[in-house]
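Subject: Handover of a structure

Dear colleague,

Please find below the structure that I am handing over to you. My notes on it follow.

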Amino acid sequence: MTGRAEQHHQHRDVTGGWLRPSVFGAMDGLVSNFALIAGVAGGTSDTTIILLAGGAGLAAGAFSMAGGEYVSVASQRELALAEIAVERRELERHPEAEQAELAQALVDQGVAPDTAAEVAAQISRDPERALRVHSRNELGVDPADLPSPTVAAVSSFLSFAAGAILPLVSYLFGVAELWVSAVVSCVALFGAGALVSTVTARTWWYSGLRQLLVGALAAGLTFALGNLIGAAGL
């Protein structure tokens, strides 16, 4: 034996805190703008119109994602803070009852009653530590680690914009061919899907192909609709 505990394994991040606003935001931008550009290109060959539509889709989507993420996370944070304030008041007004509640929670998790009572007493000596433990046990949140609305909004904006710019790259460099944009977008879709596999149980090729098929289907249907509308002269 080595005299210190060995670390036998590590777990991946299962909360998705960084994954959702970053990778998924980029996927949203890529799929939505790829489909938008394909739809417009299906109805017209005017590069200026395609660029205008793609640029507008990028800006509108990025601001919408950022605004929605900010409001969503801010509301979630405000609700958590309100409930944490309730828990703080309970700890101040009824410390013995809260200590007994914590001890019972430990017993419910398999800790021996005497040990649970001692642990609860030790934790309760520090009001801030007690608040954190009660908040995690009862609310599932850590008062010292609440999500930031600003970080979520900026992450969503940048990731969506990064994804949405890819279908436009070929047009920005003067290559006014939809198939070039499609190739770039499909490669990016597969790559983004494969990246997600690093934090899931799926293989990289399965996750990549799934994302590619979803994005290609969305773009294909939108292109067909744009082509139909363009042919009808609407």
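Which residues of H8 are buried? They are Val180, Ser181, Ser185, Ala188, Leu189, Ala192, Gly193, Ala194 and Val196, where buried means under 20% relative accessible area, exposed over 50%, and partly exposed in between (1.4 Å probe, protein chains only).

Please note that this is a predicted model, in which local features need pLDDT of at least 70 and side-chain atom pairs count only at pLDDT 80 or more, while totals for chains, interfaces and linings use all residues. Residues are numbered from 1 along each chain as its sequence is written, and side-chain values use heavy atoms, with hydrogens and water left out.

The chain as a whole

The chain contains nine helices and zero strands; both are DSSP runs numbered from the N terminus, helices being H or I with at least four residues and strands E with at least two. Buried residues amount to 33% of the 234 residues. Of the contacts (heavy atoms within 4.5 Å) in the chain with a separation of 6 or more, 68% are between residues 24 or more positions apart. The chain exposes about 14000 Å², of which carbon and sulfur atoms supply 63%; accessible areas come from the Shrake-Rupley method with a 1.4 Å probe, and for residues only the protein chains shown count as cover.

Helix H6

Helix H6 covers residues 149–165 and includes Ser159. Ser159 counts as buried because its relative accessibility is 9%. Its side chain reaches the backbone oxygen of Ser155 at 2.8 Å, and a polar atom of the side chain of Ser159 lies 3.2 Å from the backbone oxygen of Ser156.

Ala153 is also placed in H6. With a relative accessible area of 11%, Ala153 is buried. Leaving aside neighbours within four places in sequence, Ala153 is in contact with Ala66, Glu69 and Tyr70. Between Ala153 and Tyr70 there are 83 residues in sequence, yet their C-alpha atoms are 4.9 Å apart in space.

Leu172 belongs to helix H7, residues 169–172. Leu172 is exposed, since its relative accessible area is 52%. Together with Ile165, Phe173 and Val175, Leu172 forms a nonpolar patch on the surface, with about 390 Å² of accessible area together.

Helix H8 spans residues 178–196, which is 19 residues. From first C-alpha to last, H8 reaches 27 Å, close to the 27 Å expected at 1.5 Å a residue, the expected span being 1.5 Å times one less than the number of residues.

With kind regards

Note on methods: Polar contact = N/O pair within 3.5 Å; in protein donor to acceptor, adjacent residues only side chain to side chain. Patch = residues over 30% accessible without salt bridge, like charges linked within 9 Å, V, L, I, M, F, W, Y side chains within 5 Å. Salt bridge = Lys/Arg side-chain N within 4 Å of Asp/Glu carboxyl O.
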